[in-house]
Amino acid sequence: MATPHLRIQVPPIDDDHKTTTSQWLDNPDHGPYLLKLARDTIISGESPTKALDYAVRAAKSFERFPSPGVELPMSLHMVAAIYCRLGQFDEAIPVLERSIKVVERRNEPDHALAKYSGYMQLGDTYSMLGQLDRSISCYEAGLMIQTHALSDSDPKVAETCRYLAEAHVQAMQFEEAKKYCKKTLDIHKQHSPPASPQEATDRRLMALICEALGDSESALEHLVLASMAMIAHGHDAEVAAIDVSIGNIYATLCRFDEAIFAYQKALTIFNSTKGDSHLSVASLFIRLAELYNRTGKTREAKSYADNALRIYLKPPEGSTDEEVSSGLVEIAAVYEAGNEAEAFGVLQRAVKVVERGGGGRAAAAGIEAQMGVMFYMMGKYGEARRVFERAIGRVRGGKKGALFGVVLNQMGLACVQLYKIEEAVRVFQEARVVLVEHYGVYHSDTLAVSSNLAAAYDAMGRVEEAIEILEDILKVREEMLGTANPEVDEERRRLEELLKEAGRAPNKKAKSLQNLLASQSLRMKKQVAATKIWSGGFSFRA
């Protein structure tokens with residue numbers, strides 16, 4: 001059966017070429033020449049479209065005059081690479097599949113290498129399209145070819161295993177990632193001297209995986225060994241980055257003194273290598289401030305936050321608006337935890353930075369949502385409602401994510417506190433629709449908004465509608481949590497109260513708002529706490 005020819009639309013030849021397409025294709029010497037032209041065009045930074053023209057013609061020439069070498073798959077790899085550079089990933093996939101097929105039945109070392117390269121490049125392309133499962137399958141196929149051609153312990157196999165480990169981390173498949181990372185580490189230990197930079201790099205990845213699996217002690221062990229290796233080779237910047245990771249784990253374990261020591265070590269190195277006004281230094285100031293806040297040392301926390309703010313107010317050249325706005329939001333969180341009035345001013349400045357850099361409405365809305373939460377916690381419900389309304393207005397006309405529903409819910413809570421119950425009902429209804437769309441009816445956030453809507457209905461005297469919602473909530477919570485759970489007991493008690501109320505005379509009065517707010521106080525606090533976390537992610541939290 002004849003092998004099908006490459007089906008690629010060939011761009012027209014440039015005007016300065018005096019030879020026709022058929023003449024180019026009829027000369028077997030033109031394939032290597034066109035491939036070299038394509039490489040030179042890419043290296044020189046000229047038009048990728050021109051390079052694609054040369055690469056396509058080279059591939060067609062090699063296909064017309066087949067050879068036992070790997071010129072055809074090499075030219076196809078280049079065609080696919082240029083398509084990817086142009087952002088045309090869907091066009092690159094069939095080209096790469098073709099490059100694998102043309103060497104599928106050949107077992108010479110060069111063909112095995114070409115097949116390996118094709119699978120790895122195809123995996124990268126699928127990864128760029130977000131198709132991680134297909135990407136990993138391609139990498140695994142490449143690893144099998146490489147292992148068969150070389151050996152299980154070849155250093156090049158270690159690099160592919162590391163690639164696979166990183167891909168599994170990206171796909172949140174940490175057990176598989178650990179397996180490949182361990183193989184990488186074992187090979188590097190076999191072929192490299194003790195405490196080599198390669199081993200240190202592997203251990204940093206293994207620490208990330210172990211931490212994701214909840215094994216903090218193993219993660220610390222790998223990071224300490226990686227730090228020792230980097231110190232031995234004089235890689236100070238890497239040592240500082242590892243110390244930051246060590247500090248993060250200690251902070252997670254509530255071993256605050258050790259975390260502070262690790263951060264201080266990293267801070268000393270960054271000060272000497274990057275300068276005292278670098279954003280890396282400011283980031284460590286924020287981490288130290290957060291730690292001191294957690295240990296109740298508000299004076300030290302404010303001092304470090306002030307030092308970080310000094311840097312972010314005059315950021316070094318090359319800093320992005322996103323980095324600056326994210327840092328300002330983190331500083332505001334430190335001030336907020338210490339009940340410092342500066343928090344609002346810092347957040348307002350963060351909004352201006354986002355607007356100045358054209359960072360998008362969603363980013364500014366997220367920062368304003370955090371301001372609204374702060375107003376709410378301070379009991380300034382009118383200000384909170386206005387800020388939430390402004391944040392909602394920023395994103396209402398664009399794409400709405402689940403966080404849009406969260407902010408709507410918070411605005412509804414502020415309306416309840418202001419006795420604007422009809423407005424609260426409208427806002428809760430919209431929030432519920434958004435969260436059902438993004439999370440589904442069984443998600444805890446959707447259930448919380450539904451519970452708030454039921455409470456607002458009750459306050460308006462719409463008891464039957466409130467009962468209907470509470471019956472649905474109780475059924476879901478019983479299925480998810482069991483009948484003996486405290487949250488289920490609370491929902492059951494509320495439903496029983498409403499059922500009793502519904503059995504009264506038709507002219508019954510609605511439950512007083514004072515009682516409603518008292519019964520909902522705990523729920524509202526939970527909602528506020530949750531939104532503080534979500535609004536951080538909504539506004540470039542690092």
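**Close-up 1. Ser 227, a buried residue of helix α11.** Ser 227 is buried, with a relative accessible area of 6% (buried means under 20% relative accessible area, exposed over 50% and partly exposed in between, using a 1.4 Å probe and protein chains only). Its place is in helix α11, residues 216-232; helices here are DSSP runs of H or I with at least four residues, numbered from the N terminus. Setting aside residues up to four places away in sequence, Ser 227 touches Val 239, Ile 242 and Asp 243, where contact means heavy atoms within 4.5 Å. Please keep in mind that this is a predicted model, in which local features need pLDDT of at least 70, side-chain atom pairs count only at pLDDT 80 or more, and totals for chains, interfaces and linings use all residues. Residues are numbered from 1 along each chain as its sequence is written, and side-chain values use heavy atoms, with hydrogens and water left out.

**Close-up 2. Helices α14 and α16 packed together.** Two packed helices are described by the angle between their axes and the distance between the axes. For α14 (residues 279-294) and α16 (residues 321-337), the angle is about 20° and the axes are 10 Å apart; axes are lines fitted to C-alpha atoms, for helices over the stretch in contact, and angles run from 0 to 180 degrees between N-to-C directions. The two helices α14 and α16 are therefore roughly parallel to each other (angles under 35 degrees count as roughly parallel, over 145 as roughly antiparallel, 65 to 115 as roughly perpendicular and the rest as oblique). On the α14 side, look for Leu 279, Ile 286, Ala 289, Glu 290 and Asn 293, which meet Glu 323, Gly 327, Glu 330, Ile 331, Val 334 and Ala 337 of α16. Sorted by class, this contact of α14 with α16 has six nonpolar, two polar and three charged residues.

**Close-up 3. Ile 331 in the largest nonpolar core.** The largest nonpolar core has 131 residues, and Tyr 312, Leu 328 and Ile 331 are those with the most contacts inside it. Such a core is a set of buried Ala, Val, Leu, Ile, Met, Phe, Trp, Tyr and Cys residues joined through side-chain atoms within 4.5 Å. Beyond its neighbours within four places in sequence, Ile 331 is in contact with Ile 286, Ala 305, Ala 308, Leu 309, Tyr 312 and Val 346. A second, separate core of 29 residues includes Ala 51, Ala 58, Val 79 and Tyr 83.

**Close-up 4. Where α16 meets α18.** Helix α16 also packs with helix α18 (residues 361-377), at an angle of about 5° and with axes 12 Å apart. These two, α16 and α18, are therefore roughly parallel to each other. Val 329, Ala 333 and Glu 336 of α16 meet Ile 367, Gln 370 and Met 374 of α18. Glu 336 counts as buried, at 16% relative accessibility.

**Close-up 5. Positive phi in two loops.** Ala 195 has phi near 55°, a positive value in a residue other than glycine. You will find Ala 195 in the loop between α9 (174-191) and α10 (197-212), partly exposed at 31% relative accessibility. Cys 254, also a residue other than glycine, has a positive phi near 60°. The loop between α12 (236-252) and α13 (256-274) holds Cys 254, which is partly exposed with a relative accessible area of 47%.

Key. Nonpolar A, V, L, I, M, F, W, Y, C, P; charged D, E, K, R; others polar.
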